[in-house]
Amino acid sequence: QQYDLSQREIEVLQLLVKGHTAKIIASTLFVSFETVRSHLKNIYNKLHVNCGKEAIAKVLSEKIV
């Protein structure tokens, strides 16, 4: 794995790519909204992007998940 994403971060990223909001992701994974925000912040840092749209674009173009 070139970006060193944790298993949970990959799960969050997969749901993000499917178009789910942070609230829906939290509900789906049975975690708090703040936990999802923390995961997203870590994902953005690891992928070197600034927002969800950039993360999705990078995931799709580089076939990360």
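**Charged pairs, core and packing**

Mentor: Arginine 37 and glutamate 34 sit 3 residues apart in helix α3, which is about one turn of the helix. Please keep in mind that this is a predicted model.

Trainee: What do the side chains of arginine 37 and glutamate 34 form?
Mentor: They meet in a salt bridge, with 3.7 Å from N to O.

Trainee: Are those two buried or exposed, or something in between?
Mentor: Arginine 37 counts as partly exposed because its relative accessibility is 47%, and glutamate 34 is also partly exposed, at 48%. The cut-offs place buried under 20% and exposed over 50%.

Trainee: How many salt bridges are there by this rule?
Mentor: The count comes to 3. One of them joins arginine 8 to glutamate 11, where the closest N and O atoms are 2.6 Å apart.

Trainee: Where do arginine 8 and glutamate 11 lie along the helix?
Mentor: Both belong to helix α1, residues 7-17; they are 3 residues apart, so about one helical turn separates them. Arginine 8 is partly exposed, with a relative accessible area of 29%, and glutamate 11 is partly exposed at 24%.

Trainee: And which residue pairs with glutamate 9?
Mentor: Glutamate 9 forms a salt bridge with lysine 46, and the closest N and O atoms are 2.8 Å apart. This pair links distant parts of the chain, since glutamate 9 is in helix α1 and lysine 46 is in helix α3, 37 residues apart.

Trainee: Is glutamate 9 buried or exposed?
Mentor: Glutamate 9 counts as buried because its relative accessibility is 4%. Lysine 46, at 27%, is partly exposed.

Trainee: Changing topic: at what angle do α1 and α3 pack?
Mentor: The angle is about 90 degrees, and the axes are 10 Å apart. Therefore α1 is roughly perpendicular to α3. On the α1 side, the residues making the contact include Glu9, Val12 and Leu13; on the α3 side, they include Ile43, Lys46 and Leu47.

Trainee: What does isoleucine 43 touch, leaving aside its neighbours within four places in sequence?
Mentor: Isoleucine 43 is in contact with Leu5, Glu9, Val12 and Leu13.

Trainee: Which residues touch the most other members of the largest nonpolar core?
Mentor: That core has 19 residues, and the ones touching the most other members are Leu13, Ile25, Leu40, Ile43, Tyr44 and Leu47. At least two core residues come from each of α1, α2 (22-29), α3 and α4 (52-62). In soluble globular proteins, nonpolar side chains tend to be buried together.

Trainee: Where is leucine 47, then?
Mentor: Leucine 47 is in helix α3, which spans residues 33-47. Its relative accessible area is 0%, so leucine 47 is buried. Leucine 47 and tyrosine 3 are 44 residues apart in sequence, yet their C-alpha atoms are 6.5 Å apart in space. Beyond residues up to four places away in sequence, leucine 47 touches Tyr3, Leu13, Ala55, Lys58, Val59 and Ile64.

Key:
Residues numbered from 1 in each chain as written. Predicted model: local features only at pLDDT ≥ 70, side-chain atom pairs only at ≥ 80, totals over all residues. Heavy atoms only, no water. Helix = DSSP H or I, 4+ residues; strand = E, 2+ residues; numbered from the N terminus. Buried < 20%, exposed > 50% of the residue type's maximum accessible area, 1.4 Å probe, protein only. Contact = heavy atoms within 4.5 Å. Salt bridge = Lys/Arg side-chain N within 4 Å of Asp/Glu carboxyl O. Core = buried A, V, L, I, M, F, W, Y, C linked by side-chain atoms within 4.5 Å. Axes fitted to C-alpha atoms, helices over the stretch in contact; angles between N-to-C directions. Parallel < 35°, antiparallel > 145°, perpendicular 65-115°, else oblique.
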